[in-house]
Amino acid sequence: MQLSRLDYELLRELQADARKSKKELAKKLGVSAVTVAAHISRLEKLGVILRYVTILNPDAFGLSLEAAIEISVQGGHIVEVEKELSKNPSVYAVYDVTGDSDVLIFTRFRSRDELSKFVKSVLGNPYVLRTNTRLILTTIKRSLEIPFSNDSEKKARKASS
């Protein structure tokens, strides 16, 4: 899939503020609103744009205790355990990883007691061998933005020249 220079500019603007109207985007990018709409529709159909979301502050909901939990799983059951973990509303990310553990999850809780109950329930799964829980003390950076490589943008610029 090849993206144009305009696609990259549009994606950069949408990552910064997806609430911008097509008219605002068109003015900023120097194209028509119809062109913006066509590019957005194409990017959605290609699966480049997956969805539009509102990012909430977990602290506003009392979810100030955050933990990264490494999980070692009995072979052959990793996908099953990952699917089960992903159903829990306290789990906001599930990753299949390499290294000393098989699964890495990121979680949010209101209290240490909630976290403790959660970890004990995970350990109650017969396929979970062990966990390693790390409390997140301070968040230095959290971003959902995708950085575009300079090479991709350079190719798009050359193609549109």
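Okay, let's start with a contact: K22, K23, L25 and A26 in α2 meet A33, V36, A37 and I40 in α3, where contact means heavy atoms within 4.5 Å. By class, that contact of α2 with α3 has six nonpolar, no polar and two charged residues. For the classes, Ala, Val, Leu, Ile, Met, Phe, Trp, Tyr, Cys and Pro count as nonpolar, Asp, Glu, Lys and Arg as charged, and the others, Gly among them, as polar.

Quick housekeeping. This is a predicted model, with local features needing pLDDT of at least 70 and side-chain atom pairs counting only at pLDDT 80 or more, while totals for chains, interfaces and linings use all residues. Residues are numbered from 1 along each chain as its sequence is written, and side-chain values use heavy atoms, with hydrogens and water left out.

Back to the helices. The axes of α2 (residues 22-29) and α3 come within 8 Å and cross at roughly 105°; axes here are lines fitted to C-alpha atoms, for helices over the stretch in contact, with angles running from 0 to 180 degrees between N-to-C directions. So α2 and α3 are roughly perpendicular to each other, a label for angles of 65 to 115 degrees.

Now α1 (residues 5-16) against α3 (residues 33-45): they pack at about 85°, axes 11 Å apart. That makes α1 roughly perpendicular to α3. On the α1 side you've got L6, D7, L10, L11 and L14, and on the α3 side T35, V36, H39, I40, R42 and L43. That's seven nonpolar, two polar and two charged residues.

Zooming out, the protein has six helices and four strands, taken as DSSP runs (H or I, at least four residues, for helices; E, at least two, for strands) numbered from the N terminus. From the N terminus on, the order is α-α-α-β-α-β-β-α-β-α. The C-alpha atoms fill a box of roughly 60 × 35 × 25 Å along the principal axes. The radius of gyration, taken over C-alpha atoms, is 21 Å, whereas a compact globule of 161 residues would be near 15 Å, by the rule of 2.2 Å times the number of residues to the power 0.38.

Last, the largest pocket. A pocket is an open set of points on a 1 Å grid where a 1.4 Å probe fits, with protein on both sides within 12 Å along at least five of seven lines; lining residues have an atom within 4 Å of a point. This one holds about 1,800 Å³ of space. It's lined by 39 residues, with V53, I55, S143, L144 and E145 nearest its centre. By class, the lining has 24 nonpolar, seven polar and eight charged residues.

Methods:
Angles under 35 degrees count as roughly parallel, over 145 as roughly antiparallel, 65 to 115 as roughly perpendicular and the rest as oblique. Grid points are joined across faces, edges and corners, and a volume is the space filled by probe spheres set on the points.
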